[in-house]
Every structure is written in structure tokens, then in C-alpha cells.
Amino acid sequence: MYPVHKNETGSFQELARINDVKFGQLSHLVISPGSWRGNHYHTRKEEWFCCLHGKCELKFTNVNTKVSRSILLDDSNREFVKVDPFENHIITNMSSEKDCELLIIISEEYDEKDPDTFKTQDL
């Protein structure tokens, strides 16, 4: 994570540098209060999630090893969290009152003919 630089006019923080991510697509995701998104994995794509507003839980489960982990993201600590190929991921908005907004960097553009997105059952 890169430091926040603050002064009387506001703040500035680098979120990612060229060696941190493989850029293919930049997306903005809004999750409604109490809702979740995802529950899928990719075989090629890498994704990096950064919470811009609100608070969410990012749960990962490797579809091959079944190893799970979770991370809480919020707007007070804007760092990117990487999701690797074969990691099923679910993002849940932890607020019952306000939207959660995330910035997502994806290693390749979405291709409708080859989406590389697979729903996972019973993880």
C-alpha cells in the first residue's frame, strides 16, 4: 500500500503502479446495502479490488485446493487486493444503509465470446 499524503487542501494517494497490476480493463462496481456480487472464478484473469466508499467483505476460495480466506475492505484503507485465477470470489456489502463502491482493475478486457467467468456451486 502506498502512503496517503495530506495537507490543508486535501489528500493524494497512489493506488497502483505499473508493476503492481496487469491492466486490461478498469471497472467501477456498486453493491447495494446488504447485497453481494460475484460468486465466480476465472481461469486466466487476475483482478484487483479497491474499496472507494463503504465497507465490504471479500471472500476467496481456491476451487482446486478448497482453501478459503476473507478480507475486510473499507474506504479508510484504500489498498488493492488481488484475486488470482481459480479463486472463487464473493464481495458482500457490510452496510445495511449505504452502497459500497469498488474500483476494479482486470488483467484482460471482457470478451462476450470468451468471458472466462465460471459460476461455482457448493463451495
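In which strand does His-89 lie? His-89 belongs to strand E9, where strands (E, at least two residues) and helices (H or I, at least four) are DSSP runs numbered from the N terminus.

This is a predicted model, in which local features need pLDDT of at least 70 and side-chain atom pairs count only at pLDDT 80 or more, whereas totals for chains, interfaces and linings use all residues. Residues are numbered from 1 along each chain as its sequence is written, and side-chain values use heavy atoms, with hydrogens and water left out.

**Confidence.** The protein chain has a mean pLDDT (the predictor's confidence in each residue, from 0 to 100) of 93, and 98% of its residues reach 70 or more. Confidence is highest in strand E9 (residues 87-93), at a mean of 98, and lowest in strand E2 (residues 10-13), at 89.

His-89 counts as buried because its relative accessibility is 2%, buried being under 20% relative accessible area, exposed over 50% and partly exposed in between (1.4 Å probe, protein chains only). Beyond its neighbours within four places in sequence, His-89 is in contact (heavy atoms within 4.5 Å) with residues including Arg-37, His-40, Glu-47, Phe-49 and Leu-58. Gly-10, which lies in strand E2, is partly exposed, with a relative accessible area of 32%. The C-alpha atoms of Gly-10 and Glu-47 are separated by 29 Å, the two residues being 37 apart along the chain.

**Pockets.** A pocket is an open set of points on a 1 Å grid over the protein atoms alone, where a 1.4 Å probe fits, with protein on both sides within 12 Å along at least five of seven lines; lining residues have an atom within 4 Å of a point. A volume is the space filled by probe spheres set on the points.

| Pocket | Volume | Lining by class |
|---|---|---|
| Largest pocket | About 390 Å³ | 6 nonpolar, 8 polar, 4 charged residues |
| Second largest pocket | About 180 Å³ | 4 nonpolar, 4 polar, 3 charged residues |

In this classification Asp, Glu, Lys and Arg count as charged, Ala, Val, Leu, Ile, Met, Phe, Trp, Tyr, Cys and Pro as nonpolar, and the others, Gly among them, as polar.

The largest pocket is lined by 18 residues, with Arg-37, His-40, Glu-47, Ile-104 and Ile-106 lying nearest its centre. Strands E3 (25-31), E4 (36-41), E5 (47-53), E9 and E10 (100-106) each supply at least two residues of this lining, and E3 gives the most, with 4 residues. For the second largest pocket, the lining includes Met-1, Phe-12, Asp-75 and Arg-78, and E2 gives the most to this lining, with 3 residues.
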